[in-house]
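Here is a friendly walk through one protein chain, for reading with the structure open beside you. We start with strands and turns, then move on to rings, charges and some backbone details.

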Amino acid sequence: MRALLLVPLVGVLACRSSSSGGANDAELMAQVREKLAARDAKLGAYQLEGTQTEGDTASAGFTFAYRAPQKMRGTVSAPQARQVWWDGKHLYEQVEATKQFTTFTSQVSAEKLSAFLTEIFTPFVPDGFRAPLLLRSTKAKRVTGLPQAKEAVELTMALEGEAGGGVEGTYGLRWPSLDFLAKKTRAPDGTRAEVRMEEEHCDTALGLCVPRKLTRWLGDAKQGETVLSKVDLKTPLPNDAFTPAAPEGYSVQTRTLVDSEAQESGPKSPTGG
């Protein structure tokens with residue numbers, strides 16, 4: 001299901017900017033990190049339901065539930081109906097078509113496990129519900145004049161590693177709540193890609209907004225969209241909702257993730273088809 005986002009697309013609208021440099025830049029980055037941590041703390045439990053569409057035809061329904069510190073549950077209806085859970089210790093996968101229920105135990109390093117879980121669950125989580133990963137190269141500057149925010153901050157970074165390939169990414173976040181507005185990537189050959197917030201859900205008690213509708217663009221061509229029909233930021237699921245039991249009639253197996261085989265032995269990302 002290619003509509004589920006794994007690509008680090010990013011986009012900001014044209015605006016006027018102001019950046020001092022030196023100590024002021026460091027102070028702004030410190031404020032951004034502090035406010036992102038505070039925002040994450042407010043989003044300690046949420047439930048989402050929605051549809052992701054790719055092009056004119058391909059679409060699929062999905063759900064996602066999160067409970068801090070690290071419990072997650074995701075479901076997707078296409079290209080095949082699947083559910084995945086992480087209860088903090090074990091990963092579970094249920095595939096409807098084959099009636100297969102698998103429990104994964106882990107012997108991978110903490111770093112590889114974190115990367116693996118990110119690959120599995122990131123596609124279920126639309127932009128704006130988790131803080132962006134701030135790389136070492138990240139630079140911040142305050143901006144004004146955006147249609148969706150009187151004040152905002154841009155976070156620009158060079159993507160790291162071989163996969164980065166000289167690509168630069170920029171997040172646009174409303175200031176000071178750091179609500180997601182847009183994100184954009186630009187490749188060395190000039191290729192541009194964006195994710196834009198079109199509609200949002202705001203919670204006055206929490207003092208923040210999250211996207212309800214996101215569109216994805218490659219250059220000037222719209223590629224797809226994510227529309228949430230349910231956004232619940234206040235009702236945590238009980239702990240046992242993240243530790244499922246195999247349904248009656250399902251084949252049950254247990255597998256172990258090891259460092260050299262994490263990608264091969266674990267469940268595929270929902271984008272994998």
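Predicted model: local features only at pLDDT ≥ 70, side-chain atom pairs only at ≥ 80, totals over all residues.

E13 (residues 208-218) and E14 (residues 221-232) run antiparallel and are joined by six bridges. To find your place in this pairing, look for Lys213, which stands opposite Val227 in E14.

E13 also pairs with strand E12 (residues 192-203), again in the antiparallel sense, over ten bridges. Here Glu200 has Pro211 in E13 as its bridge partner. The hairpin of E12 and E13 has four residues between the strands, and Gly207 takes a positive phi near 70° there. How many of the eleven residues of strand E13 are buried? Eight of them are, so the strand is largely enclosed by the rest of the structure.

## Aromatic pairs

The chain holds seven aromatic pairs, counting rings whose centres lie within 6.5 Å. In one of them, the ring centres of Trp85 and Phe101 are 6.4 Å apart and the planes meet at 50°, so this pair is tilted. The two residues are 16 apart and link distant parts of the chain: Trp85 belongs to strand E5 (residues 82-86), Phe101 to strand E7 (residues 100-106).

Phe121 and Phe124 give another tilted pair, with 6.3 Å from centre to centre and 45° between the planes. Both of these phenylalanines are buried. They also belong to an aromatic cluster, which is formed by Tyr46, Phe64, Tyr66, Phe121, Phe124 and Phe129.

## Charges over rings, and a helix residue

For Trp217 the charge comes from Arg196, 4.1 Å from the ring centre. For Trp175 it comes from Lys35, 5.5 Å from the ring centre.

Trp175 turns up again in the surroundings of Leu28, a residue of helix H1 (residues 23-42). Beyond its neighbours within four places in sequence, Leu28 is in contact with Ala140, Lys141, Arg142, Val153 and Trp175. Arg142 is 114 residues away along the chain, yet its C-alpha atom is separated from that of Leu28 by 8.4 Å. Leu28 is buried, with a relative accessible area of 10%.

## Backbone details worth a look

Most peptide bonds are trans, and most residues other than glycine have a negative phi. Where does this chain have cis peptide bonds? One joins Ala68 and Pro69, with omega about 10°, and another runs from Trp175 to Pro176, with omega near 5°. Pro69 lies in the loop between strand E3 (58-67) and strand E4 (71-76), while Pro176 is in the loop between strand E10 (168-174) and strand E11 (180-186).

The loop between E10 and E11 also contains Leu178, a residue other than glycine whose phi is positive, near 60°. Leu178 counts as buried, at 2% relative accessibility. Lys99 has a positive phi as well, about 50°, although it is not a glycine. Look for Lys99 in the loop between strand E6 (91-95) and E7. Lys99 is partly exposed, with a relative accessible area of 43%.

Conventions:
Residues numbered from 1 in each chain as written. Heavy atoms only, no water. Phe/Tyr/Trp six-rings, centres within 6.5 Å; stacked < 30°, edge-to-face > 60°. Buried < 20%, exposed > 50% of the residue type's maximum accessible area, 1.4 Å probe, protein only. Lys NZ or Arg CZ within 6 Å of the ring centre and 35° of its normal. Contact = heavy atoms within 4.5 Å. Pairing = 2+ DSSP bridges.
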